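Here is a structure to walk through, step by step. Have a look at it first, and then we'll go through it together.

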Amino acid sequence: VRFTRIEAISVGRLADAHLDLAPGMTVVHGPNEAGKSTWHAALLAGWVGLRRGLGRMRGEDEAFRDRHTPWDGRPLVAAVEVETDDGVRYRFRHNLTDLHDHRATDGAGSDVTDRFVHEQVVDGARLLGLTRETVRATMVVGQADILRVAAGPSEELTAALQAAAATAGAGSGTVAEAIARIDAHRSQHVGSLRAGSSRPLRVATDEVDAARAALAEARRAHEARAHLRVQRDAAASRAEALADDLADLRRGIAAAEAERARTRLEALERLAREADTSGLATPAPDAQRERVRAARHAAATPVDDGHVAEREAEVDRLRRELAGLPEAPTHETVEAPEVRAAAEDLVTARLRADAVVEEAPEPVDAPEVGDLDAAALEELARVLDGTPPEVPAALREELAAAEAVLADRAGGGLLTALGVAGVLLLVIGVVLAAAGAVPAAVAAAVAGVAGLGVAVAGRGAGPGADAVARLADARAQLELAEASVRRVLTQRAAAEERLAAAGVPTVDPTGLRVLARRVRAAAEQEQARRSHEDRRRERTAAVARAEDRLRGVLESRGCDTDGRSVDEVLADYRAACERAAGAAAGSARRGDLEARLHAAERELPTLRDAAARHEQALATLAEVAAEVGITASLDDPDALDAAVAAWLDGQRVLDEAHAAAETARQRLADGLAGRTLDEVRADVAAATAAVGDVAPVPDLHAALEDLRALEHDVREAEGRAAELQGQVAAFDADGDGVAGAEERVAAAVTRRDRLERLDRTLETTRELLARAEQRVHQDVAPVLERAVATRLPQLTGGRHGDVRVVPATLEVQVRTEGGRYRRAQDLSHGTAEQVYLLLRVALAEHLVTTGETAPLVLDDPTVHADATRTRALLDLLRSLAEDGRQVLVFSQETAVRDWAAEHLVGDPRHALVDLDAATGSAVPALPAAAAASPD
Amino acid sequence: MRLVLTSDVHLDRTFLWARPEVARRRRANIRTAFARAVTLAAEVEADALLVAGDLYEDEHVTPDTAAFLQRLFAEAGLPVLLAPGNHDPATRDSLYATTRWAPNVHVFDRPGLVAFDGLGDGVRLWGAGHLTHAGTDGFLRGFRVDGTADVHLALFHGSEVSTIAREGEDKDPHAPFTPAEVAASGLAHAFVGHFHTPHDGEWHTYPGNPDPLTFGESGERAAVVVDVAADGTVTRERRVVAASRVADVTVDVGGAASAHDVVAAVRAHLPGDAGEVRVTLCGDLSPAVDLDLSDVTALSDGDREVVVRTRGLHVAYDLEALAEEQTVRGQFVRDVASASDLDDDERHRVLVTGLRALDGRTDLEVAS
């Protein structure tokens with residue numbers, strides 16, 4: 001980019017003026033107050049204008065506008081025409097008085113304002129990728145910049161580079177300074193969290209902790225208070241309940257006491273009545289009462305004529321009774337023991353004899369069975385019992401078969417005969433045995449067996465031996481069977497004959513057995529009868545012996561038994577004993593009757609005297625009674641005595657009544673205790689009214705005990721309730737409680753969070769700034785190295801040829817002839833400022849982001865330089881211009897004009913512009929020769 | 001029959017944004033508003049005062065509040081019916097249980113609807129209370145009125161289901177119910193608390209909190225005077241009882257050239273009668289402005305509390321242009337813009353702080 005024209009439409013004292021600029025280097029020269037600053041301002045105002053940001057204009061912008069606004073009231077208006085490296089032309093126009101009035105047009109006059117608006121105002125620096133804030137520090141080099149590098153502290157060059165790299169001059173200082181501000185702010189407004197620190201974050205954190213602790217305490221108190229309230233309410237309820245119970249009890253007690261007071265009043269009133277003697281008679285004097293009492297006592301002896309008469313009649317009766325008493329008996333008065341024993345034995349013997357008679361068995365008729373007894377009948381029945389036996393037919397058939405076989409075999413001969421004979425003998429033996437002839441039976445059997453043996457042996461030897469043996473065997477068996485049948489039949493016949501002989505009418509076995517049972521029963525009955533008869537006879541004899549013994553005993557007692565039964569004698573004896581006993585009893589009363597007779601006879605005179613004295617006493621009594629008003633006749637001593645006794649009782653009652661009245665008076669006085677009965681009545685009435693219809697306690701004593709216990713309980717419960725209420729009240733005085741504590745925590749947390757957030761923000765900012773600086777410096781350092789390295793030998797006459805830039809600090813170091821590196825700012829002032837210019841150009845080139853070549857504008861860069869340094873600097877600038885960069889130099893220095901006249905005039909790439917000191921306008925361009933300074 | 005309904009009083013609520021004295025004043029205002037509701041009940045000769053839960057916050061409630069309520073109700077001169085809510089559940093140690101209420105106070109301290117026949121005129125009021133802070137099931141599930149009353153009404157603290165999303169209820173709504181359940185249960189109307197936005201539904205009424213509890217609440221802060229006709233229909237009239245005067249203003253301070261301009265702009269927007277004002281600052285603020293929010297809160301005085309916050313308040317750097325720079329500043333802006341570990345607010349603070357530091361400024365804390 002290069003400027004082609006500056007238009008001061010109305011800037012300061014310039015109006016509708018313009019300044020055309022060369023594409024290479026243009027030196028605008030004029031003396032002080034010739035308008036260099038105005039053109040410089042017009043250049044910037046026309047190109048980038050002023051920001052139209054939010055709110056009020058910044059102070060420096062406002063100062064710029066104020067300084068360059070025309071005095072005649074016209075608006076501050078400037079314009080600039082530029083041409084890009086590609087030859088595209090633009091015109092930028094700004095009315096700084098009205099920031100809305102700004103415009104950008106292209107070479108064809110088309111409005112391209114929107115392409116260049118920055119902060120709401122057209123900004124020509126956008127052609128370079130810069131802004132109106134950065135373009136000044138990037139493109140414009142003031143005399144102060146040069147002076148600071150050339151004459152300032154050695155660190156200024158590095159600081160200037162750092163500052164330029166930091167914000168391209170838009171900010172204030174370096175990144176390090178910015179970070180230092182952050183650190184300072186952090187230290188002052190956040191601080192350390194170190195324990196004991198008094199810095200804000202520590203304090204805020206401590207406040208949070210304290211507030212949270214207070215909140216925890218408030219919550220604990222809140223819960224405790226709720227718990228206490230429950231306890232307090234429970235205690236209060238208990239106290240109230242107890243108090244209610246106490247009140248009830250007190251009312252009950254009051255009712256009981258009122259009732260007792262009423263009772264006491266009733267007693268007092270009763271005493272009052274009892275003490276009242278107005279209705280009582282005056283008692284008789286004691287002496288008089290004593291005389292009456294003595295007379296009555298004297299007359300009270302129970303003696304009368306009737307008693308004397310009774311005693312006389314008794315004497316007579318006793319005398320008669322003594323005369324009628326019997327003499328003492330000679331007969332024994334009690335039955336002798338031996339008589340009693342003999343008599344009892346007789347009675348026993350008779351009882352036993354009578355019992356035997358009663359036991360006599362009934363006679364039984366025996367059946368007519370001859371000499372047969374029951375056993376014989378049963379044996380006969382057994383013989384006759386059953387069916388008569390028969391010979392089995394099989395035996396006969398077998399015998400017939402055997403005989404047939406034997407007949408078929410000739411020559412049976414002798415052996416057969418022997419066999420048959422043997423069989424017959426054997427059969428005979430059997431029959432004999434059955435008949436009881438044992439020896440003969442044995443002999444026959446032996447012979448039979450022998451015969452059979454021979455026959456068998458012979459048959460065994462011959463052809464018919466077997467048949468003979470079988471025949472013999474069959475015949476023997478048949479004979480045995482037939483013999484058995486015959487024997488049974490014989491026995492039955494014998495039995496029937498025996499029965500007939502005995503006259504038994506039946507042969508039926510069953511009837512015989514019945515008959516046998518009847519015969520046996522009759523025999524047993526007969527045996528019993530004979531046994532009974534024996535006992536009867538024995539007991540009859542015992543009776544006779546007992547009678548004999550009694551009789552002997554009675555005779556020994558003197559009884560006459562002759563011709564009389566023993567029972568009669570015994571009865572007489574007993575009657576004599578009873579009579580003797582009665583006589584003995586009458587004789588025994590005599591002594592007693594005689595003693596009673598003597599006593600009665602001795603008492604009669606005394607009784608007669610007593611009767612006389614009693615008569616006298618009655619008379620005295622009647623007399624004394626008359627004295628006290630008792631009128632009673634001596635004819636009725638009982639009435640007199642009763643009247644006197646009544647009188648005495650009346651006196652005693654009267655005495656008692658008076659005594660009771662006195663006692664009542666005393667008790668009444670004690671009971672009233674100095675008060676009147678009416679006062680007591682009033683009190684009782686008041687107490688009764690006070691308790692109303694409350695039921696009195698049943699047991700006042702127990703109730704008073706209960707009252708004391710209940711009062712104690714009430715005091716305890718009320719004390720507990722009060723204690724808890726006190727604790728609740730202590731909690732209640734806890735200000736705004738949990739809510740306030742929570743709010744204090746929230747406030748403390750808000751403060752702490754704000755500081756923590758600020759801390760994080762500052763830390764993050766710090767880190768990001770440092771990181772950005774590092775990255776930019778790493779990018780910039782090589783650019784700066786190259787920019788300086790290409791021209792350093794030229795600038796230093798070959799003394800320095802190598803250069804390096806430390807990325808961390810952007811410090812520029814050059815290598816000396818000895819090979820050592822030294823800081824560029826330690827070179828000569830002239831060299832240093834040239835290096836600075838190279839670095840500024842390089843930095844500007846780096847900061848430009850559009851690829852355009854940024855022009856370089858210098859304001860009196862040589863004002864403090866000597867001629868040599870001025871020329872060297874201007875030579876460098878021309879060199880830069882000849883490399884394609886537009887350079888504008890505003891200067892008041894004559895040396896600069898001279899240099900320009902010498903080096904620029906005549907070269908179409910460059911220009912020298914002289915300003916008219918009076919108008920500030922450019923004077924017409926001079927030819928090269930004429931442009932030279934006069935000297 | 002005439003009733004006065006209120007709910008969600010939230011006595012002893014915390015105001016974490018406020019200074020201690022302001023918070024206390026707000027709590028006092030809540031009491032005043034509730035006392036006005038009670039007074040209103042007497043003035044309109046209501047048959048009862050109904051409180052549909054969250055009368056107080058039990059984690060904050062003070063004995064002083066207990067004494068306040070005890071006396072207020074005792075002197076109310078009409079039946080006071082209380083249905084505990086999730087913020088004031090009827091626990092063993094709650095105020096409901098530990099305060100000796102006057103005989104005219106009735107607490108529905110059962111978790112199911114219980115009849116109250118003390119209103120007379122053939123009206124039976126069913127009430128229920130929360131016993132815990134959360135997890136209370138809907139009171140109307142499976143509920144059906146009984147008795148010979150002509151009109152059945154209900155009083156409880158619960159979440160009308162269709163309103164939950166709008167009110168931002170959490171996932172576990174408190175005692176949810178639907179208007180259909182009210183109708184199906186035989187109730188003529190339900191007086192309910194929980195949602196703070198007043199709402200007059202066909203089958204239910206939310207009175208809303210009587211005094212402002214947060215900034216930005218909509219609807220009147222009132223008690224509801226309810227006239228119940230013989231057929232159960234209700235007529236509702238809201239009477240403002242709020243004691244706090246709360247305003248919410250937004251001030252665009254983009255044109256301010258200095259903190260002074262910002263304060264002046266805010267002052268110009270402050271309503272004259274508000275006790276507490278929340279000021280929201282927005283706009284693109286000139287980078288030159290050294291704004292500290294305490295400059296704005298300093299507008300608070302004895303009668304007015306100014307609370308300030310920022311929403312969309314940015315320092316108007318031309319970050320796009322800055323990011324094009326090949327300077328450290330440009331690199332910084334690019335780095336900050338691309339830093340993935342920064343949220344937008346922090347990114348903005350870091351940018352402004354860094355740019356201010358590079359600009360040589362010492363006001364490095366960014367108002368936010």
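**A walk from the core to the interface**

Let's start with Trp47(A), which touches Phe3(A), Ala42(A), Val80(A), Val82(A), Phe92(A), His94(A), Asp123(A), Gly124(A), Ala125(A), Leu128(A), Val135(A) and Met139(A), leaving out residues up to four places away in sequence; contact here means heavy atoms within 4.5 Å. Keep in mind that this is a predicted model, where local features need pLDDT of at least 70 and side-chain atom pairs count only at pLDDT 80 or more, while totals for chains, interfaces and linings use all residues. Residues are numbered from 1 along each chain as its sequence is written, chains are lettered from A and ligands numbered from 1 in the order in which they are written, and side-chain values use heavy atoms, with hydrogens and water left out.

Trp47(A) is also one of the four residues, with Phe3(A), Met25(A) and Leu877(A), that touch the most other members of the largest nonpolar core, a group of 130 residues. Such a core is a set of buried Ala, Val, Leu, Ile, Met, Phe, Trp, Tyr and Cys residues joined through side-chain atoms within 4.5 Å, and buried means under 20% relative accessible area, exposed over 50%, partly exposed in between (1.4 Å probe, protein chains only).

Now for where the chains meet: chain A brings 60 residues to the contact and chain B brings 58 residues. Together they bury about 4,800 Å², 57% of it on carbon and sulfur atoms; that area is the accessible area (1.4 Å probe) that two parts lose on being put together, summed over both. The interface has five salt bridges by the rule, which asks for a side-chain nitrogen of Lys or Arg within 4 Å of a carboxyl oxygen of Asp or Glu. Arg126(A) and Glu324(B) form a salt bridge through their side chains, at 2.4 Å from N to O.
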